[in-house]
Amino acid sequence: MKFPDDLLWGSASADMQYEGGFGEGGRLPTTHDYITAGNHNTSRKLTYKMLNGNYGSASVRLGKDATFPEQAIPTLMPDEYYPSHQAVDFYHRYKEDIKLLADMGLNCMRFSICWSRVFPTGEEDTPNEEGIKFYENVVDECFKNGIQPLITICHDELPVALAEKYGGWLSRRTIDCYLKLCRVLFERLHKVKYWLTFNEVNLLTGYSRLGAKKDSLQNKYQCVHHIFLASSLAIKLGREIIPNAMFGAMFAMSPAYPETCNPEDIWAWVEQGRTNFFYSDVMIRGYYPSYQDFYFDENNICIDMEKDDAEIIGKYNLDYISFSCYRSTTASAGNKNYAESMLRNPYLEKTPWGWAIDPISLRFACTQAWDRYQVPVFIVENGLGFEDEPDENLYVQDDYRIKYLNDHFKEIKKAVEEDGVNILGYTMWGGIDLVSLSTGEMKKRYGWIYVDMDDMGNGTKNRIPKKSYYWMKDFLALKGGNLA
């Protein structure tokens with residue numbers, strides 16, 4: 001059960017869940033910085049309302065004199081905890097964290113850029129030097145430890161100023177600001193080979209529209225079109241500055257199965273697949289598919305395109321497809337609720353958070369992507385969120401995570417050897433424990449490495465390897481030879 005020598009194995013994270021350093025080094029707020037903590041019983045809140053939008057509660061607003069692009073910071077609620085502000089403090093602990101990952105034998109680390117750390121409002125003419133220097137230091141530390149960085153340029157969030165002033169991705173002005181960020185990253189981090197232009201593009205249904213005047217299908221797909229265009233223009237720019245780099249984007253891939261063999265359920269499965277693949281179809285094939293044209297007509301959606309948009313999207317496509325795959329879902333004609341569909345497969349065990357544990361779904365996702373596009377595949381998010389219970393020494397015996405990885409890695413092996421999938425690598429989500437995006441809590445842990453911090457940010461933040469850390473270290477040393 002040995003794996004190819006050239007596969008990349010690593011850890012994955014997002015700045016708002018992992019980095020911290022809010023307000024330090026010239027960093028201004030992003031749209032994510034106003035989302036409170038929660039848990040699997042309590043929803044998170046966005047505690048201020050965009051001046052032009054209809055998101056969250058109105059409990060926090062910009063002051064009357066606050067204008068952008070001046071460095072005005074909206075008021076935060078003093079009785080709320082905002083996890084992104086400190087996250088688990090990679091900002092101050094990046095050397096320690098990278099060394100821990102390298103000591104396992106990992107050779108890849110996926111992380112994302114906090115846009116407002118480099119361009120605090122998004123509209124500055126020159127980057128914030130302290131911000132871009134931080135990422136230079138992280139990249140240098142990775143290479144020093146034999147680790148390839150995999151950088152996500154935009155992981156869901158925006159500088160607040162762009163959301164407030166332009167309605168985020170509803171405006172083409174945001175494309176200009178994004179490309180300015182890309183240019184600085186490509187020029188200053190030119191040693192980096194692997195890039196992702198956007199995270200989970202097919203789920204950018206809320207963050208992408210922050211600041212838009214109306215939450216509508218028209219606005220959603222206009223924002224998505226601008227993201228398609230921004231990605232293609234970023235790839236064009238990146239190929240000019242770093243010719244040997246590879247550019248991808250990341251999609252949420254929760255493979256679906258028809259709930260029954262009823263033809264109506266089969267057709268519901270086909271439609272669910274189209275909904276999911278529309279985004280990668282455009283970004284890899286380079287054009288809007290005919291099934292989406294029909295959807296636009298049916299829903300009175302008219303995308304505002306300029307004369308060169310189609311040519312740009314058609315010419316500058318992704319070099320590889322990357323995706324998250326944590327679970328599978330079911331599709332049925334009688335149930336259009338995606339959240340409920342995750343709970344309807346009686347053949348699968350569930351996590352405490354109701355996510356189906358389905359190793360075969362990872363092979364399914366790899367082969368679906370490869371068969372459809374024939375471009376390399378990169379698994380950039382997969383893992384088990386669980387409520388780890390440390391002993392008195394903060395050591396976690398997470399045999400359940402070892403089993404999860406063992407079973408999923410065997411399916412990756414089958415995808416490579418039996419299905420012929422060209423897989424670039426695998427990065428496990430939250431290799432070092434971080435804040436859960438969906439619930440805003442620390443209790444839902446993913447890592448090989450335990451972080452001493454609770455849901456409200458209390459704790460030493462010390463890093464302690466779990467049992468799975470040592471299992472993974474053996475896996476990497478033996479190139480998969482320890483799989484059961």
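Eight strands close up into a barrel here, running in the order β1-β2-β3-β4-β5-β7-β11-β12 with parallel pairing. From one strand to the next, the twist averages 25°. Keep in mind that this is a predicted model.

As a bit of background, strands in a sheet pair through backbone hydrogen bonds, and they can do that either parallel or antiparallel.

Where does β1 pair with β12? Residues 8–12 make up β1 and residues 423–429 make up β12, and the two sit in the parallel sense over five bridges. If you want to find one of the contact points by eye, look at A12: the bridge partner of A12 in β12 is W429.

The table sets out what each one covers and how it runs.

| Helix | Strands it lies across | Angle |
|---|---|---|
| α4 (residues 129–144) | β2 (108–112) and β3 (148–154) | about 170° to β2 |
| α7 (residues 217–241) | β4 (194–198) and β5 (246–252) | about 155° to β4 |

Next, the second largest pocket, which has a volume of about 270 Å³. Its lining is made of 15 residues, and E349, I357, Y400, K403 and Y404 are the ones nearest the centre. Which elements supply at least two residues each to that lining? They are β9 (349–350) and α13 (399–417). Helix α13 gives the most, with five residues.

Methods. Residues are numbered from 1 along each chain as its sequence is written. This is a predicted model: local features need pLDDT of at least 70, side-chain atom pairs count only at pLDDT 80 or more; totals for chains, interfaces and linings use all residues. Side-chain values use heavy atoms; hydrogens and water are left out. On a 1 Å grid over the protein atoms alone, a cavity is a set of points where a 1.4 Å probe fits but cannot get out, and a pocket is an open set with protein on both sides within 12 Å along at least five of seven lines; lining residues have an atom within 4 Å of a point. Grid points are joined across faces, edges and corners, and a volume is the space filled by probe spheres set on the points. Helices (H or I, at least four residues) and strands (E, at least two) are DSSP runs, numbered from the N terminus. Two strands pair if DSSP finds at least two bridges between them. Axes are lines fitted to C-alpha atoms, for helices over the stretch in contact, and angles run from 0 to 180 degrees between N-to-C directions. Contact means heavy atoms within 4.5 Å.
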